[in-house]
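Here's a quick briefing to read with the model open beside you.

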Amino acid sequence: MTRLGRAALLLTLGVVGAVLVTFGGFGQFVQQRMRLPLLVAAVVLLLLGLYEAQGGIRTVRSPRDHDHSPHDHKAGNCKANTNKANTNKANNKAKSGTHDHGTHDHRVRSLGPRVGWLLVMPVVVLISVAPTALGAAASGRVAPVRPTRTNTEFAPLDASAGPIEMRVYDFLERATFDPKRSLDDVPVRLEGLVVNDPSAPDGFLLTRFVVSCCAADGSPAQVTVHGSPQQLADDTWVEVDLIWRPPAQPYSETPGPIVVEADASRVVVSEMPDDPYESPYS
Amino acid sequence: MSATKAKARARSRAGAQRSAKSRARSNAKARKTQVQAHRPEPQRPQPKPRRNFGPGLVAVPLLVALAVRGRVGFLADPDIRLWATLFVSVCIQALPFLVLVVVISGLIAAFISPDLVQRLVPRRTALAVPSAGLAGIALPGCECGSVPIAGRLISAGTPPAAALTFLLAAPAINPVVLVSTAVAFPNDGRLVLARFLASFAAAVAVGTWWARRTGQSLRDTERQHQVSSGRIASFVDVASRDFVHAGGYLVVGAAAAATLQLVVPRSILDSVAGSEVSSIIVLALLAVLLSICSEADAFVAAGLPQFSLTSRLVFLVVGPVIDVKLVAMHAGVFGRAFALRFAPVTFGVAVASAVIMGQVLL
């Protein structure tokens, strides 16, 4: 790998990182709190890339140096040629470590192994496949979220001003854990995507993925919605007003995974929000 | 030949220390002398024996990607798209941490001399290994970043056994991971303690095992580069090289992890959570195959309530120390032979440590 090649790699990744942060695309892959770390990383990569590019361009302009003593350039000392480096060697002990191994073969390896080129693959995949946030395709592959909670104190709900907006995860938590059943007969508004499933022939699984780091650890928080007025395609984002349907027997006494059901009163198609995921941290 | 190196060589020749460190040093020395021996040849046959990998190798794939976008049917397949989402998200998640780590790595190379390391790291393995393990608390993040740091620490003269202990301990016992474990398991405070102790014990055990191996040294990652001309130049050089190096293997690991997530769906787990022994085996293997980041694995474990707490502890202890992503990175940074030997031992020790701790604490 030449220095310019390495610079190109660093700059490409820096630019892609910056673009993902600026236009919000990163939110489809990782948690929102990664915004700042990702931006900092992109800036560092751009700086490293620029430094390398500047060094690389000098190397290209003076090919004799390029062949024999690439490390001179790292000091920004592009004038130093091979002979000078050799004569300096005896005197300059601090530099000796870098001048003792000038074979081209070694230098190629030293600038990074070929495997480094694979770093371009995420960008290639990002461009060619244009992947989007987790959706219906992931829903069947991963066990649904199971809320965990120690304290069973929930703030009372007041629905006098219309349906209460709530995260799907919080809805599941209340449904599963609240001994006072605060969700009884309370209209709630949830936002998520549609997953069609045989278990809900008259509706769909309202799904929101819960992601703690990146999409690879996402698992779906799902409410089985009954009574949808229209048939919607998988992955349609919807806003649903619904009322919890209490289970025939307590969830804890039902074998198998917990299925929380609800009856929809209004289903409105919406856009995917900036953050398509929910965090397990409340 | 620098004074430092001459001293190190004299020391190792004296045979005062038979530590892995001095062996690694003299190996590097021997290799370097070899390189030097070739050097006086006046004319090298051809200056460019290899193809030069220039910026074109970045531009061409990107242009191809742009050309096929939306035109090739199979790229629209839901499974391919899901794979792409998982693959890209693992890479993006790892990027900031990888950058942080190569910056640290560059700083180590530019500012920490082998002499300083020798003064800081305790001489005796019995002391060096556990303290390296405890030092892992100071590196908040997940496992992919520890590999380049450990490689760089070894280059800077840290005994490999201590650096490996650090490598294993850091992703499992740092505060971020412990807090996320506590959040995921709000009812099981002891699980956090058990995770800390089991991971630490496993790291120290593997480190001690490595220290006892004789005649074995890691492939010394380009130690001769640590002295470069100028601190900034050396910092940039090492940071970029480590980024490209570890990043390449991270991409391999991310691709493997994304593939396995699709091939081994987590939902099949319901059928195997039978006996304790089979739960432990299944979750240990799952930790290796899924390669979930150590900051997130507790939430995955919390989502597997059909498994016993001990088997989930195994999942949490094994995942940060060994998984497919890490094997790829170990092979890249330390060499394939190392990875093949290191992986099964680490796996076995981590499982044993977690099972024992589970029996005692849970």
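This is a predicted model: local features need pLDDT of at least 70, side-chain atom pairs count only at pLDDT 80 or more; totals for chains, interfaces and linings use all residues.

**Around the two tryptophans**
- The ring centres of B:Trp209 and B:Trp210 sit 5.5 Å apart, and with planes at 70 degrees the pair is edge-to-face.
- These two belong to a cluster held together by ring pairs, along with B:Phe334, B:Phe338 and B:Phe342.

**Another aromatic pair**
- Counting over all chains, you'll find six aromatic pairs.
- One of them is B:Trp83 with B:Phe87, a stacked pair at 4.9 Å centre to centre, with 10 degrees between the planes.
- Both residues are in helix H4 (residues 78-111) of chain B, and they're four residues apart, so about one helical turn separates them.
- B:Trp83 is partly exposed at 23% relative accessibility, whereas B:Phe87 is buried at 2%.

**Helix packing in chain B**
- Helix H6 (residues 125-135) of chain B crosses helix H10 (residues 189-212) of chain B at roughly 140 degrees, and their axes come within 9 Å.
- That crossing of H6(B) and H10(B) is right-handed.
- On the H6(B) side the contact uses B:Thr125, B:Val129, B:Pro130, B:Gly133 and B:Leu134; H10(B) brings B:Phe200, B:Val204, B:Gly207, B:Thr208 and B:Ala211.
- Sorted by class, the contact of H6(B) with H10(B) has six nonpolar and four polar residues, with no charged ones.

Definitions and conventions
Residues are numbered from 1 along each chain as its sequence is written. Chains are lettered from A and ligands numbered from 1 in the order in which they are written. Side-chain values use heavy atoms; hydrogens and water are left out. Rings of Phe, Tyr and Trp (its six-membered ring) pair if their centres lie within 6.5 Å; planes under 30 degrees apart count as stacked, over 60 as edge-to-face and the rest as tilted. Helices (H or I, at least four residues) and strands (E, at least two) are DSSP runs, numbered from the N terminus. Buried means under 20% relative accessible area, exposed over 50%, partly exposed in between (1.4 Å probe, protein chains only). Axes are lines fitted to C-alpha atoms, for helices over the stretch in contact, and angles run from 0 to 180 degrees between N-to-C directions. A crossing is left-handed if the near helix is turned anticlockwise from the far one by less than a right angle, and right-handed if clockwise. Contact means heavy atoms within 4.5 Å. Ala, Val, Leu, Ile, Met, Phe, Trp, Tyr, Cys and Pro count as nonpolar, Asp, Glu, Lys and Arg as charged, and the others, Gly among them, as polar.
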